[in-house]
Amino acid sequence: MNATTVVPQLVQILRTLVMTGYSTEHSISGVSDPFLQVQILRLLRILGRNHEESSETMNDLLAQVATNTDTSRNAGNAVLFETVLTIMDTRSAAGLRVLAVNILGRFLLNNDKNIRYVALTSLLRMVQSDHSAVQRHRPTVVECLREPDASLSRRALELSLALVNSSNVRAMTQELQSFLESCPPDLRADCASGILLAAERFAPTKRWHIDTILRVLTTAGTHVRDDAVANLTQLIGGAQELHAYSVRRLYSALAEDISQQPLVQVAAWCIGEYGDLLLEGSCEETEPLQVKEEEVLALLEKVLQSHMSLPATRGYALTALMKLSTRLRGDNNRIRQVVSIYGSCVDVELQQRAVEYNTLFRKYDHMRAAILEKMPLVERGGTQDEEAKESKEAQLSEAALVSTEPPASKLLDLLDLLDSSSGAAQPPPPLEPSPGGTLGHLLDLPCASPAPASVPNLRVFEREGLQLNLSFVRPPETPALLLITVTAVNTSGADVTHFVCQAAVPKSCQLQLQAPSGDTVPAQGGLPVTQLLRIFNPNKAPLRLKLRLTYHHLGQSVQEIFEVNNLPAETWQ
């Protein structure tokens, strides 16, 4: 039997159960044999998946079940939920999918927490394919953010972030910021990260974007991602018309609270760059703010002396003081005294900065104004620029990267990935500079090295918006060495967290895993996570990889193990 003959029979059986009433001995809470209905719906879901004719056959029946089932009891809710899953997993009509979303929307109003949780999880699965239908239930989803149950509020947060678009970004961001102020600590990082990503993607104006990031930093600065400081400084630097507005907002925020380290770092950078605009008092977009030079210097000194300040924050403050020495009109003796004090700081990096700044004051004071000019804006490169940069970094990595061994537990796990593999092999021997290249440097002669052979990139994994791509480089001076850059990109509406990529190679090769750039792959095509694999293949044996991916996405813990057998021949021949 095939699906074409079985599906009509199952449809008839289920239609009889739904339309012709029920017998007392098989009914539960007024629903005729719900266990049998659920099993038939599950079988229809399997038979109708990727099967157009079977899906059309069951469309009318699914609509009847969805409209005629009693929802006042859990038995009816169970049948309805199986109906929704069947509609989602088969090639159902557009109107039927909207009906399924509306059923889940009614589930959100149910008093049972388990039903609400199931509805949120299912809507999160449907938001990519049926965004407009799910969008109609946005007010109800936002209400679920206030649920005292942590699992419900987490699901509501993930769904709310997935619903943000250019038309509702202002309203949704306001709701999410209100939630951020009172949400449990374990949700703050996800909420702050989601707001920043949504603002970066859908910001209507630069000023609104800056205000949004500042509010997040003020509310939950310690929970934001590491790149939040760099993103905001770049945003402010690129908005010349908002320099005065930004420096005043940041100065006021810094004067109120110096505990949020990312906020303090951005504020110190902005004051150092645009401190002259802070003192002019000519910004029409903010309330009049009269600031004296002594107050600005005292605030930065307070940051330097605070026990809450991280070494990186003190570095921002010290650099800001140094830059103010060229932007303020007063005497620089106070700044010189502060800088000289940190010349004996126990933090090596801070001490080095202070010593260099002192030298600048003593020996190169005539060059100080030119050296401390405002930083030029660093433009964000496109996809091609990033790929070129990654390729260049890969070519240079064999001479500069420090070996980072994975934890012992991961090494033990890797031993099982391939029957004849060894992920704990010794790292490839260090590369020696070629005699010709050394001689060229000594004689200061031009010495062009041959370019690495071009190897096409390879996409090896794709699931629910998460993509894994491999790019290859073989340094010409070491033909036995292959550098593979693993790039994880997330185009879905929710972050991929706790991302770990492990690899194994055949016994004839040696594998060295470098540390990844992070363990969170941002949603909406944000900054990708990259990891470098160095494979030494002295015998030029045919190469194959086995990869293990573990991560959390859309509320689920995922583990994928797969083998890559289609590596280009250029990677090993």
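This is a predicted model: local features need pLDDT of at least 70, side-chain atom pairs count only at pLDDT 80 or more; totals for chains, interfaces and linings use all residues.
The secondary structure comes to 23 helices and ten strands, and of the contacts between residues at least 6 apart in sequence, 68% join residues at least 24 apart. The accessible surface is about 28,400 Å², with 52% of that area belonging to carbon and sulfur atoms.

Let me turn to helix 3, which covers residues 52-68 and has 17 residues; at 1.5 Å a residue these should span 24 Å, and the end C-alpha atoms, being 25 Å apart, agree with that.

Now to the aromatic rings, where the structure holds three pairs. In one of them, Trp 269 and Tyr 274 have ring centres 5.8 Å apart and planes at 85°, so the pair is edge-to-face, and both Trp 269 and Tyr 274 are buried. Phe 461 and Phe 562, by contrast, form a stacked pair, with 5.5 Å from centre to centre and 10° between the planes. Because Phe 461 lies in strand 3 and Phe 562 in strand 10, this pair ties together parts that are 101 residues apart in sequence. Phe 461 counts as buried at 10% relative accessibility, as does Phe 562 at 15%.

Finally, there is a charged residue over a ring to point out: Arg 207 lies over the face of Tyr 245, at 4.2 Å from the ring centre.

Technical notes. Residues are numbered from 1 along each chain as its sequence is written. Side-chain values use heavy atoms; hydrogens and water are left out. Helices (H or I, at least four residues) and strands (E, at least two) are DSSP runs, numbered from the N terminus. The expected span of a helix is 1.5 Å times one less than its number of residues. Contact means heavy atoms within 4.5 Å. Accessible areas come from the Shrake-Rupley method with a 1.4 Å probe; for residues, only the protein chains shown count as cover. Rings of Phe, Tyr and Trp (its six-membered ring) pair if their centres lie within 6.5 Å; planes under 30 degrees apart count as stacked, over 60 as edge-to-face and the rest as tilted. Buried means under 20% relative accessible area, exposed over 50%, partly exposed in between (1.4 Å probe, protein chains only). A charge sits over a ring if NZ of Lys or CZ of Arg is within 6 Å of the ring centre and within 35 degrees of the ring normal.
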